[in-house]
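Please open the model in a viewer and keep the selection tool at hand.

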Amino acid sequence: MNTLPLRRCVQLGVIALFCALPWLTAHDILFAQGTLFSFHIGGLSFADPVAALQAWPPQGELLAGAALSLLLAFFLGRIFCGWICPYGFFSELAYALHQTASGSVPAISPGRFARSRFAERLSRLLVLLLALLCTLAAGFPLLHIISMPGNISLSPLLVRIGAGFSGMIAALALPLPVVAVEALIGKRLWCRYVCPQSLLLGAAALPASKLHVGFRVEWRKEACTCRNGSPCGAACSMGLPPRAPGGPSRLDCTMCGDCIRICSSRGGALRWKWGRSAHR
């Protein structure tokens with residue numbers, strides 16, 4: 001199944017929505033309001049779980065919005081990362097640009113992969129913990145500064161309220177150079193090693209596979225026709241090995257479906273599945 005066209009439409013639609021929201025709100029068109037720090041649509045309130053952790057004293061509406069975001073991740077995995085996050089869209093494009101220019105994807109041995117995945121998770125955890133400690137000490141939500149989706153969605157609002165393009169550039173002061181670096185080196189460094197939101201969403205998504213619920217990518221060994229190399233692994237911009245028992249870990253998988261798209265012409269061993277796989 002090729003979900004890429006649909007996914008790109010959703011990603012671009014999200015970006016267009018946040019670009020239009022300040023002007024829609026100014027004309028009392030209020031079906032959706034806010035930014036990706038805290039967002040209201042159709043009577044539902046979503047919030048960045050990291051933003052909720054930084055709020056002191058705790059805010060009931062923000063906590064409820066964060067709980068709803070984590071509940072969505074529990075059932076659908078890190079769908080926010082692969083389908084909604086505006087930074088994820090630009091990061092994927094930077095990765096694709098580099099791969100097109102270089103014409104190759106470096107192979108990763110299983111041992112090196114395991115070390116890399118441990119380092120990625122540990123790095124994001126340290127970013128989250130250190131920033132929360134600094135937030136408590138400074139009394140300022142420092143993690144807001146490094147929230148890529150939050151700042152990208154905030155930038156049109158800054159233009160609308162009078163901060164002008166200087167305000168927009170200030171909000172994009174981190175996303176723009178990081179995307180440029182990722183385009184040069186060909187790795188999605190921010191999503192893999194820094195983003196604290198992805199860590200919390202992944203942690204919320206992981207238990208579902210143990211409880212026989214939740215949307216996931218499944219790999220069926222008996223249907224796999226690839227004996228040499230791993231085209232599906234090469235297709236994963238996050239560097240995951242889709243050919244793992246049950247599929248890639250919901251802790252790390254962004255649910256983009258790129259591995260399934262590549263596999264569909266090679267036997268269809270990878271597929272979408274609801275619940276935990278019977279293959280181990």
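Contact here means heavy atoms within 4.5 Å, and helices (H or I, at least four residues) and strands (E, at least two) are DSSP runs numbered from the N terminus. The model is predicted, so local features need pLDDT of at least 70 and side-chain atom pairs pLDDT 80 or more, while totals for chains, interfaces and linings use all residues. Residues are numbered from 1 along each chain as its sequence is written, and side-chain values use heavy atoms, without hydrogens and water.

Next, select L126 in helix α6 (residues 110-138). L126 counts as partly exposed because its relative accessibility is 43%.

Finally, turn to the largest nonpolar core, a set of 28 residues. Such a core joins buried Ala, Val, Leu, Ile, Met, Phe, Trp, Tyr and Cys residues through side-chain atoms within 4.5 Å. Select Y87, W190, V217, C259, I260 and L270, which have the most contacts inside this core. At least two core residues come from each of α5 (86-102), α7 (148-171), α8 (175-185), α9 (189-194), β4 (215-219), α12 (258-263) and β5 (270-274). Helix α12 supplies the largest share, three residues.

Technical notes:
Buried < 20%, exposed > 50% of the residue type's maximum accessible area, 1.4 Å probe, protein only.
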